[in-house]
Amino acid sequence: MDQLRRQISDGRTALGIELGSTRIKACLVGEDPSSVLAVGTHDWENSYADRLWTYPLEEVWAGVQAAYADLASDVEQRFGVRPERYGAIGVSAMMHGYLAFGAAGELLVPFRTWRNTNTGPAAAELTGLFGRNIPLRWSIAHLHQAVLDHEPHVPAVRSITTLAGYVHRQLTGRNVLGVGDASGMFPIDSSTGTYDAELVAKYDAVLASHGTVPGRMVELLPQVLAAGQPAGELSAEGAALLDPTGTLQPGAVFCPPEGDAGTGMVATCSVAPRTGNVSAGTSIFAMAVLEAPLKRAHHEIDLVTTPAGDPVAMVHCNNGASELAAWAGLFTRFAEAAGTPAEQDTVFSTLFQEALDGAADAGGLLAYNHLAGEPIAGLTEGRPMVMRTPGSSFTLGNFMRAQLYGVFGTLSLGMNVLAEEGVELDRMFAHGGLFRTAGVAQRFLAGALATPVSVAASASEGGAWGIAVLASFVKEAASGGATDLDGYLRRRVFDGAAFQTVQPDPRDVDGFAAYLADYRNGLAVQRTAVEVLP
């Protein structure tokens with residue numbers, strides 16, 4: 001305890017802050033990055049304004065400050081000392097989206113998040129122009145849609161960035177981005193580690209033809225940095241912004257800001273070829289580190305990178321566990337109304353265990369978790385839905401298994417494309433709160449992917465811990481230590497780490513395949529619901 005207290009007092013720690021879709025989390029690690037010393041959290045929700053999903057920047061800073069204050073209080077309670085300095089800091093956030101700024105650094109339009117699906121025409125045009133899939137949520141799709149729509153703010157745009165890049169810039173003054181997060185803004189050339197020069201030139205010609213955005217595309221984008229490269233220091237203004245009490249001192253080195261996909265890869269030690277991970281939260285996505293390029297472009301697959309710049313195939317679904325959580329909330333309220341109140345974690349655990357008693361194919365029930373549009377499923381908007389035939393077996397076990405299968409449904413459609421491409425993984429890692437109940441969601445995911453799925457003891461800490469580890473990595477690299485991210489993770493972070501691995505149960509594999517066939521057919525009902533239920 002005394003040794004850890006001295007590490008905190010001396011600033012020999014690393015702080016990670018991640019802005020997720022429903023929670024902002026701060027995580028502190030010491031000289032041993034595998035061990036979490038303290039955490040702080042703040043819950044928040046996106047807003048739906050003018051038919052666009054957004055977060056006001058005032059809520060960004062209120063949430064960051066609240067999460068940091070919660071962490072500082074946790075440190076003080078555990079160790080009897082309040083942190084005044086850190087050795088390194090990292091910022092991560094949900095990827096993609098659109099934050100556009102003018103010449104004076106002013107925000108030109110409200111932050112447009114990854115969840116928006118209004119960019120279909122732009123994404124389609126860019127996919128044709130670039131010869132590779134440009135998803136609706138990518139920053140370049142948001143910018144180009146604004147160009148196509150002749151939005152009045154476009155001529156004033158002087159820079160665009162992601163949420164992580166914005167927070168990092170406010171804390172350090174540096175307009176930079178980690179390569180993993182940058183790869184969700186504009187295509188990256190893995191051979192150069194920065195934006196693809198040929199595609200930049202193609203888009204410059206497009207901008208010139210529209211005559212709206214002045215300058216070249218690279219002048220609008222943040223500088224790209226790889227994991228291990230220093231990305232600035234905490235400024236005096238940044239320290240006051242992060243900690244308005246004035247306790248925090250400036251000077252901590254920053255790692256490149258990253259997206260939640262990259263920090264999920266770090267948090268699961270899956271940055272090497274033939275490794276992959278699934279991150280489940282408000283959205284759900286899978287990352288597969290590639291050994292070789294894909295044979296052709298697929299609308300279900302993003303091509304992004306690891307935080308070190310290696311190519312990755314990403315299957316991203318806008319809808320993850322939110323609908324499942326809503327049902328758990330309904331059962332929590334029922335327990336309360338019945339006079340037997342239960343904690344939410346208890347309700348989740350009970351429902352998950354019940355799902356184990358469900359039929360392998362969920363007894364003919366189907367659950368769709370589409371609160372928002374889902375490009376992979378061909379849905380422009382979301383309509384959550386439960387369906388069954390008159391002959392289905394409507395039990396609680398089948399209902400809950402269908403809900404859990406529904407979380408993995410659209411993801412499986414994309415993963416099947418990778419399987420057809422011949423992409424092979426030795427093991428899939430999983431993280432996120434969905435996997436806190438041991439052996440349930442993990443088992444069903446293994447059945448859905450027909451692949452062994454491993455969960456680490458640190459999995460529930462998620463991306464906030466992952467960005468804290470990246471901050472530790474940049475500090476060690478600066479001191480002449482490790483320079484290879486995969487080697488650093490395996491030797492310094494995950495050496496001796498406990499993983500629980502579940503092999504796919506053949507009954508689950510067959511049962512999920514039957515469920516998915518009906519799920520795919522039922523998407524026609526989803527599309528009809530969007531048309532008739534505005």
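Buried means under 20% relative accessible area, exposed means over 50%, and partly exposed lies in between, with a 1.4 Å probe and protein chains only. By that cut-off, helix α5 (residues 163-172) is mostly covered, with 9 of its 10 residues buried. This is a predicted model: local features need pLDDT of at least 70, side-chain atom pairs count only at pLDDT 80 or more, and totals for chains, interfaces and linings use all residues. Residues are numbered from 1 along each chain as its sequence is written, and side-chain values use heavy atoms, leaving out hydrogens and water.

**Helix α5**
- Helices (H or I, at least four residues) and strands (E, at least two) are DSSP runs, numbered from the N terminus.
- The buried residues of α5 are Leu-163, Ala-164, Gly-165, Tyr-166, Val-167, His-168, Arg-169, Leu-171 and Thr-172.

**Positive phi outside glycine**
- Arg-51 is not a glycine, yet its phi is positive, about 65°. Arg-51 sits in the loop between β4 (47-49) and β5 (52-54). Its relative accessibility is 58%, so Arg-51 counts as exposed.
- His-96 is not a glycine either, and has a positive phi of about 70°. The loop between β6 (88-93) and β7 (99-101) holds His-96. His-96 counts as buried because its relative accessibility is 2%.

**Cysteines**
- A disulfide is a pair of cysteine sulfur atoms within 2.5 Å. The count by this rule is 0 disulfides.
- For Cys-27, the nearest cysteine sulfur is that of Cys-255, 13 Å away.
- Cys-27 is buried, at a relative accessible area of 0%.
- Cys-255 counts as buried, at 1% relative accessibility.
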